[in-house]
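Visitor: Could you walk me through this one? I'd like to go helix by helix and then look at the packing.

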Amino acid sequence: MRKVNILLTGELPGPSPQSAAGEMFDFQGIGPGGPSALVDGPTWIFVDWIMPEISGLEMVRRLRADDRLADAHITIVLEQDDDEDRRRAIKAGADDYVVGPLDRNGVLDRILTLQSQHGIQRSPPRKRVGLLEVVPAAQQARWDGTPLKLSPNEFRLLRFLVEHRDEVLSRQRIIEGLGKLEPPIDERTVDVWIGRLRRAFRAADGPEAIRTVRKQGYAFDLEG
């Protein structure tokens with residue numbers, strides 16, 4: 001079953017994920033800093049016109065500048081059907097608009113309709129950091145052209161580290177970012193994956209790119 005990400009700046013009460021039309025729709029919150037977890041698969045974002053910290057227009061601009069969300073479909077949720085607000089939303093980078101308030105059935109119906117019109121969205125774009133290339137569509141990473149031998153979990157961990165390479169990530173933050181809370185995994189599993197990532201870099205004559213920060217977690221030190 002294919003997973004479809006639905007990111008919202010507001011809240012829609014109800015269970016998540018939900019299934020419909022052979023797909024699993026995972027509703028998640030999103031704030032001004034962008035997604036907190038790794039985003040895999042088609043992504044639909046609904047941005048409220050008015051947000052507590054920033055405007056909806058500024059949120060759309062930030063999302064459009066985030067290369068993790070290059071192929072996301074962004075809908076801005078207007079408070080009223082105003083011609084000028086619609087024009088400003090599209091100019092800021094929104095793909096379309098709806099007039100709120102939203103409910104889950106309305107969101108799902110809209111996504112299913114748009115998917116049937118526009119087809120399946122592409123995978124996130126490939127990422128280059130120095131000599132490291134990460135290719136989500138192929139589920140593969142290469143160091144200076146040499147493929148790194150990684151399991152799917154290890155590849156997703158590498159993607160997450162690369163996306164947050166300016167941060168020290170605790171084991172719990174990594175578990176949350178990889179969506180491994182239900183069922184939960186042990187923090188020691190993160191250490192095992194980190195060890196395998198390091199061995200994969202060494203096998204490809206790569207650097208010691210992952211640094212252990214005592215009592216805090218891990219940091220990815222490779223610079224682009």
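Visitor: Which exposed residues sit on the face of α2 turned away from its buried side?
Guide: Bear in mind that this is a predicted model. Helix α2 covers residues 83-92, and its buried set is Asp85, Arg86, Ala89 and Ala92. The face pointing away from that set carries Arg87 and Lys91.

Visitor: Why do the buried residues of α2 line one face of the helix?
Guide: Picture yourself looking down the axis of α2. The buried residues line one face because, from that view, they fall within an arc of 130°.

Visitor: Which residue caps the N-terminal end of α2?
Guide: Look for a side-chain oxygen lying 3.0 Å from the backbone nitrogen of Glu84. Past the other end, just after α2, Gly93 has a positive phi of about 125°. The N-terminal cap itself comes from Asp82.

Visitor: Which residues touch the most other members of the largest nonpolar core?
Guide: That core has 29 residues. At least two come from each of β8 (132-135), β9 (140-143), α4 (152-163), α5 (171-177), α6 (187-203) and β13 (217-220). Apart from it lies another core of 20 residues, with Val47, Met51, Met59 and Ala94 among them. In the largest core, the ones touching the most other members are Leu132, Leu148, Leu158 and Phe220.

Visitor: Which residues is Phe220 in contact with, leaving aside neighbours within four places in sequence?
Guide: Contact means heavy atoms within 4.5 Å. With that cut-off, the list for Phe220 runs to Leu132, Leu158, Leu161, Val162, Arg165, Phe201, Ala209 and Ile210.

Visitor: Zooming out, what percentage of the residues of the protein chain count as buried?
Guide: The chain has six helices and 13 strands. It exposes about 11800 Å², with carbon and sulfur atoms supplying 47% of that area. Of its 224 residues, the buried share is 44%.

Terms used. Residues numbered from 1 in each chain as written. Predicted model: local features only at pLDDT ≥ 70, side-chain atom pairs only at ≥ 80, totals over all residues. Heavy atoms only, no water. Core = buried A, V, L, I, M, F, W, Y, C linked by side-chain atoms within 4.5 Å. Buried < 20%, exposed > 50% of the residue type's maximum accessible area, 1.4 Å probe, protein only. Helix = DSSP H or I, 4+ residues; strand = E, 2+ residues; numbered from the N terminus. Arc of directions from axis to C-beta. Polar contact = N/O pair within 3.5 Å; in protein donor to acceptor, adjacent residues only side chain to side chain. Areas by Shrake-Rupley, 256 points an atom, 1.4 Å probe, with all protein chains shown as cover.
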